[in-house]
Amino acid sequence: MRLATLVPPAEFAGAELAISQWPGDVGGFDLNVARWAGQVGLQLDPTSFASFQLIQIAGTQATYIPLINKDQNKAILTYWVPLGQNPDEPTQTWTFKLTCSADQVEKLEPAFKAWAASVKFE
């Protein structure tokens, strides 16, 4: 369920950040990454998913998923944040999904990463 949508300044027309909270693993990591990749016109080999960066968000291991298609000028930058005792079987999953053009990534990505690093769960 989408909890909030944040819109960057007007100079980044068309970009938006969707903050969502889902029960369980919302169909699984691989399925969601493949769907997001398709939304930007990419087809990824699931073996490449292991190369995504793992980071800590609010003391929880999260995965940063940058999907950028310069040919179609589309991008989705996502944090996958599973919560619960077992990250392989989370009680809930949060996603922070920034949708923008590939041209906007260079300017938006640092702010998006800084914002995600500031997130706290209570």
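Buried means under 20% relative accessible area, exposed means over 50%, and partly exposed lies in between, using a 1.4 Å probe and protein chains only. Select N73 to see the term in use: its relative accessible area is 30%, so N73 is partly exposed.

This is a predicted model, in which local features need pLDDT of at least 70 and side-chain atom pairs count only at pLDDT 80 or more, while totals for chains, interfaces and linings use all residues. Residues are numbered from 1 along each chain as its sequence is written, and side-chain values use heavy atoms, with hydrogens and water left out.

**Stop 1: around N73**

Stay on N73. It sits in the loop between β4 (60–69) and β5 (74–83). Helices (H or I, at least four residues) and strands (E, at least two) are DSSP runs, numbered from the N terminus. Now show the contacts of N73, meaning heavy atoms within 4.5 Å. Setting aside residues up to four places away in sequence, N73 touches S101, A102 and D103. Zoom in on A102. Its backbone nitrogen lies 3.1 Å from a polar atom of the N73 side chain. A polar contact is a pair of N or O atoms within 3.5 Å; within protein, one must be able to donate a hydrogen and the other to accept it, and residues adjacent in sequence count only if both atoms are side-chain atoms.

**Stop 2: helix α2**

Select residues 105–117. How far apart are the end C-alpha atoms of α2? They are 17 Å apart, which agrees with the 18 Å that its 13 residues should span at 1.5 Å a residue. The expected span is 1.5 Å times one less than the number of residues.

Colour V105, L108, F112 and A116: these are the buried residues of α2. Look down the axis. The buried residues fall within an arc of 75°, so they line one face of the helix. The arc is that of the directions from the helix axis to the C-beta atoms. An α-helix has 3.6 residues a turn, so residues three or four places apart point the same way.

Turn to the other side of α2. There E106, K107, P110 and A117 are exposed. Then show what the buried residues pack against: β2, β3 (53–57), β4, β5 and β6.

One more residue in α2 is K113. At 33% relative accessibility, K113 counts as partly exposed. Leaving out neighbours within four places in sequence, K113 contacts Q53, Y64 and Y79. The C-alpha atoms of K113 and T78 are separated by 9.8 Å, though the residues are 35 apart along the chain.

**Stop 3: strands β1, β2 and β6**

Select β1 (residues 2–6) and β2 (residues 16–23). They run antiparallel, joined by four bridges. Two strands pair if DSSP finds at least two bridges between them. Find L17; its bridge partner in β6 is L98.

Now pick S20 in β2. R2 stands opposite S20. Is S20 buried or exposed? With 6% relative accessibility, S20 counts as buried. Beyond its neighbours within four places in sequence, S20 is in contact with M1, R2, L3, T93, W94 and T95.

**Stop 4: the aromatic rings**

Rings of Phe, Tyr and Trp (its six-membered ring) pair if their centres lie within 6.5 Å; planes under 30 degrees apart count as stacked, over 60 as edge-to-face and the rest as tilted. The count comes to ten aromatic pairs. Show F49 and F52, which are stacked at 5.8 Å centre to centre, with 20° between the planes. Both F49 and F52 are buried.

Move to W94 and F121. This pair is edge-to-face, 5.0 Å centre to centre, with 65° between the planes. W94 is in strand β6 and F121 in the segment after α2, so the pair links distant parts of the chain, 27 residues apart. W94 is buried at 15% relative accessible area; F121 is partly exposed at 25%.

Then select F29, W36, F49, F52 and W80, which ring pairs link into a cluster.

**Stop 5: helix α1**

Finish with α1 (residues 29–39), where F29, N32, V33, W36 and A37 are buried. They cover an arc of only 135° around the axis, which puts them on the same side of α1. The cover over these buried residues includes β4, β5 and β6. Just after α1, check G41: its phi is positive, about 80°.
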